[in-house]
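Subject: Handover of a structure and findings

Dear colleague,

Please find below the structure that I am passing on to you. The findings follow directly after it.

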Amino acid sequence: MKNTSHCACLPLALRAQAICALLAVSALGWHGGAGASDKGDHERARQAVQSGQVMPLSKVLSNIERDHPGQVLEVELESRDRQWQYEIKLLKPDGRLSKLKIDARTGALLEQKTR
């Protein structure tokens with residue numbers, strides 16, 4: 001029996017839910033420091049998804065999986081110059097690391113760095 005406590009063993013939909021928990025503690029770019037603003041950041045992210053300003057993470061990940069296979073290591077949701085972006089770090093099947101910047105409203109790839 002597989003150990004399902006590790007995120008890599010979970011199906012994509014469950015990994016997306018696990019990663020959503022990371023978004024709750026990720027810096028969103030609205031405030032420089034952590035602390036009391038964290039709850040506000042989480043609420044702003046939730047409202048952005050509900051209002052359609054940001055695509056749900058599960059949809060973004062399913063779109064990315066087609067063109068950029070790999071294990072999702074980290075996801076951050078940030079607002080830069082009033083534009084929401086997902087920053088996704090992937091471990092590619094060949095062992096290289098890839099960082100993708102995705103327009104969170106449209107799902108379009110803005111930038112990709114692989115090393």
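With which residue does glutamate 43 form a salt bridge, and how far apart are the closest N and O atoms? The partner is arginine 46, and the closest N and O atoms are 2.3 Å apart. Please note that this is a predicted model.

Salt bridges

Both glutamate 43 and arginine 46 belong to helix H2, where they are three residues apart, about one turn of the helix. Glutamate 43 has a relative accessibility of 28% and therefore counts as partly exposed. Arginine 46, at 35% relative accessibility, also counts as partly exposed.

The count of salt bridges comes to four. Another of them joins the side chains of lysine 89 and glutamate 74, at 3.5 Å from N to O. Because lysine 89 lies in strand S2 and glutamate 74 in strand S1, this pair ties together parts that are 15 residues apart in sequence. Lysine 89 is partly exposed, with a relative accessible area of 29%, and glutamate 74 is partly exposed with a relative accessible area of 29%.

A further salt bridge is formed by the side chains of arginine 96 and aspartate 94, with 2.8 Å from N to O. Arginine 96 is partly exposed, its relative accessible area being 39%.

Helix H3 covers residues 57-67, and within it Leu57, Val60, Leu61 and Ile64 are buried. Viewed down the axis of H3, the buried residues fall within an arc of 95°, so they line one face of the helix.

The largest nonpolar core contains 18 residues. Val54, Val60, Ile64, Leu77, Tyr86, Ile88 and Ile102 are those with the most contacts inside this core. At least two residues of the core come from each of helix H2 (37-50), H3, strand S1 (71-80), strand S2 (83-91) and strand S3 (97-103).

Valine 60 is located in helix H3 and counts as buried at 1% relative accessibility. Leaving aside neighbours within four places in sequence, valine 60 is in contact with Met55, Tyr86, Ile88 and Ile102. Valine 60 and isoleucine 88 are 28 residues apart in sequence, and their C-alpha atoms are 10.0 Å apart in space.

Isoleucine 88, not counting residues up to four places away in sequence, touches Val60, Leu61, Ile64, Val72, Glu74, Val75, Ser98, Lys99, Leu100 and Ile102. Among these contacts is Glu74, the residue whose side chain meets lysine 89 in a salt bridge.

Strand S3 and the surface

Which residues form a nonpolar patch on the surface? The patch consists of Leu73, Leu91 and Leu97, which together have about 220 Å² of accessible area. Leucine 97 is placed in strand S3 and, at 33% relative accessibility, counts as partly exposed.

Lysine 101 also lies in strand S3. With residues up to four places away in sequence not counted, lysine 101 touches Gln85, Tyr86, Glu87, Ala108, Leu109, Leu110 and Glu111. Lysine 101 and glutamate 111 are 10 residues apart in sequence and 5.0 Å apart in space, from C-alpha to C-alpha.

With kind regards

Key. Residues numbered from 1 in each chain as written. Predicted model: local features only at pLDDT ≥ 70, side-chain atom pairs only at ≥ 80, totals over all residues. Heavy atoms only, no water. Buried < 20%, exposed > 50% of the residue type's maximum accessible area, 1.4 Å probe, protein only. Helix = DSSP H or I, 4+ residues; strand = E, 2+ residues; numbered from the N terminus. Arc of directions from axis to C-beta. Core = buried A, V, L, I, M, F, W, Y, C linked by side-chain atoms within 4.5 Å. Contact = heavy atoms within 4.5 Å. Patch = residues over 30% accessible without salt bridge, like charges linked within 9 Å, V, L, I, M, F, W, Y side chains within 5 Å. Areas by Shrake-Rupley, 256 points an atom, 1.4 Å probe, with all protein chains shown as cover.
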